[in-house]
Every structure is written in C-alpha cells, then in structure tokens.
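This report goes through selected local features of one protein model. Please keep the sequence and the structure at hand while reading.

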Amino acid sequence: MDVPEQPLDDSDASARRELAGRGALDQVDDDEPELDVAPSVVAVLVVREPGLDLEEVLRGLAAQDYPNLTVLVADAGSDEDLAPRIAPVLAGAYLRSVEPGSSFAAAANEAMSAVEGASFLFLCSGRGVAEPATVRQLVEEAYRSNAAILGPKVVSLEEPDRLLRHRFGPAPQ
C-alpha cells in the first residue's frame, strides 16, 4: 500500500492524513492455511459532530486483536477539529475531511477513495463500540464462508444480549 503521509500522533494532532496499512500475522486460524501476512483491513469510521462517546468508539477500535488494521476517521462536517480527540486515543489513525453534511454512504465512499490495496473494509459509525475480536472474527468468517459482505451484530452496550439491529434495519421488538 502507498503511504502518502504519516498517521496522526500526539505531537502532530492538528494534521489531516491519508491512509495505508501495517502489521503482520503468522496465521489467521489453526484450521486455515498459514499466511505470512494477515490480510489488510481498513476500518472507516464515519463521524459527524461526534458526541462525548467518540473516545469510547476509538478505544474499541484500538483494542482490536487483529494485527493488520488501519483506522481512517472520515469527518463529515464536525464543527471542531477532531485530531486532538483522536490522536491521544488512537495514535496512528488517519483523519480525512469529507463533504460536510454527507450521508453515511456518501462520506464512506468519499473516504474510501483514499484507500488503496486493502483486502477488507470495516465500515462503522461513531455510534457503536466494537468488541476486541470483532475485526478478526469477521475476517475469519469471510475466509471460512467465502463471503464478500459481512457485518457484526449490533447489540446494546448496557445489555449485550439485546440485539439492536437485525439485517439492515432495527431489530424486531
């Protein structure tokens, strides 16, 4: 992957950055063929005027146990500079401004135009916290089932056994 610029860090929190990948893994699963490098995954986090829980969402991405994960935060028109909030929690994340007021899909598409060479994309909004194994389990399942599109279950943070989303809409009550 091309690396046009370096990721955000605490010493340069105001910079806006483009994107690339990193990391390696000996193998994804004991039952799967051994890989020299884990397939690259780019998590595209779309935010617009994020609330106080942005840092919690970022901590969820930082806690992922998948070694070849890059995070791109797509800012769809926040009033504040998000770099000072992102860098201390997820140094190495990339921040990209997209058209203010964009829909989630439009913002994700615009942000993904900066992504080159990623094996998988993990699209997420600033409203959900990923469990530490989420990305790894999705990649493993993609290989196991030869899937092109996968998504995690969206459950309540307070009640993890309560499903909030089913398929592409709200879960039945």
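Is Glu49 buried, partly exposed or exposed? Glu49 is partly exposed, with a relative accessible area of 39%; buried means under 20%, exposed over 50%, and partly exposed in between (1.4 Å probe, protein chains only).

## Basis of the report

The model is predicted: local features need pLDDT of at least 70, side-chain atom pairs count only at pLDDT 80 or more, and totals for chains, interfaces and linings use all residues. Residues are numbered from 1 along each chain as its sequence is written, and side-chain values use heavy atoms, with hydrogens and water left out.

## Positive phi in two loops

Glu49 sits in the loop between strand 1 (41-47) and helix 1 (54-62). Helices (H or I, at least four residues) and strands (E, at least two) are DSSP runs, numbered from the N terminus. Although Glu49 is not a glycine, its phi is positive, about 50°.

Asn146, also not a glycine, has a positive phi near 55°. Asn146 belongs to the loop between helix 4 (134-145) and strand 5 and is exposed, with a relative accessible area of 71%.

## Lys153 and Leu164

Lys153 is likewise in the loop between helix 4 and strand 5. Its relative accessibility of 71% makes Lys153 exposed. Lys153 and Leu164 are eleven residues apart in sequence, and their C-alpha atoms are 8.0 Å apart in space.

Leu54, Glu55, Val57, Leu58, Gly60 and Leu61 are the buried residues of helix 1. Their cover includes strand 1, strand 2, helix 2 (83-86) and strand 4 (120-125).

Gln64 is in the loop between helix 1 and strand 2 (69-75). Gln64 counts as buried, at 9% relative accessibility. Which residues touch Gln64, leaving aside its neighbours within four places in sequence? Gln64 is in contact (heavy atoms within 4.5 Å) with Leu69, Ala130, Glu131, Pro132, Ala133, Thr134 and Val135.

## A negative surface patch

Asp53, Glu56, Glu158, Glu159 and Asp161 form a patch of negative charge on the surface. Patches are made of residues with over 30% relative accessible area and no salt bridge, like charges being joined within 9 Å and nonpolar side chains (Val, Leu, Ile, Met, Phe, Trp, Tyr) within 5 Å. A salt bridge is a side-chain nitrogen of Lys or Arg within 4 Å of a carboxyl oxygen of Asp or Glu.

One of the patch residues, Glu159, is in the loop between strand 5 (154-155) and strand 6 (163-166). Glu159 is partly exposed, with a relative accessible area of 45%.

How values were computed. Areas by Shrake-Rupley, 256 points an atom, 1.4 Å probe, with all protein chains shown as cover. Lys, Arg positive; Asp, Glu negative; His and termini not counted. Charge placed at Lys NZ, Arg CZ, Asp CG, Glu CD.
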